[in-house]
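Q: Please look at the protein shown here. What do the terms used for it rest on?
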Amino acid sequence: MLNDQAFAQMNRMRTELEKVFGAEMKDFCSTQFSPKVNIWEDDSCFYLEAELPGVSISDLDIHVLEGDQVSIKGSRKHEKKDAASWITRERPSGNFARTFQLACGVDVDNVKARMKDGILELTLPKASVNQPRKIVVETGV
């Protein structure tokens, strides 16, 4: 069984391959569920939004790894239709795992997560050592 560090290393490798071959390669001929994610930052925080319609909060597992990586794991349950024949089935289901490397460490104790309308929203405050600090210049006497 793979641990969180192994998943983090595999996801870093996948990210590097996507940079070389293009992000669209990850979805080519894939039926695996991989939520779309937006990540951005300001001076004090990183923000992550993940599209997770149909994923229950109880099926999510979110971790900060090594202080500067965020890992999202979970599953979307397969819809069972009794006595039905599928005509079109485009919504993938199953397990997913995504890990993202951030530019600096995160204040793990103050991370906030919420789910709204099928969108997971994470606020990841930067660790205080990574916050911008104004330097006051003293005048010579």
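A: Three strands, in the order β3-β4-β5, form an open sheet with antiparallel pairing. The edge strands are β3 (60–65) and β5 (94–101). From one strand to the next, the twist averages 10°; angles run from 0 to 180 degrees between N-to-C directions, with axes as lines fitted to C-alpha atoms. This is a predicted model, in which local features need pLDDT of at least 70 and side-chain atom pairs count only at pLDDT 80 or more, while totals for chains, interfaces and linings use all residues. Residues are numbered from 1 along each chain as its sequence is written, and side-chain values use heavy atoms, leaving out hydrogens and water.

Q: Which residue in β4 does Asp61 stand opposite?
A: Asp61 stands opposite Lys73.

Q: What makes a stretch a helix or a strand?
A: Both are DSSP runs, numbered from the N terminus: a helix is H or I with at least four residues, a strand is E with at least two. The protein chain has one helix and seven strands, in the pattern α-β-β-β-β-β-β-β.

Q: What makes a residue count as buried?
A: Buried means under 20% relative accessible area (1.4 Å probe, protein chains only), exposed over 50%, and partly exposed in between. Of the 141 residues in the protein chain, 28% are buried.

Key. Two strands pair if DSSP finds at least two bridges between them.
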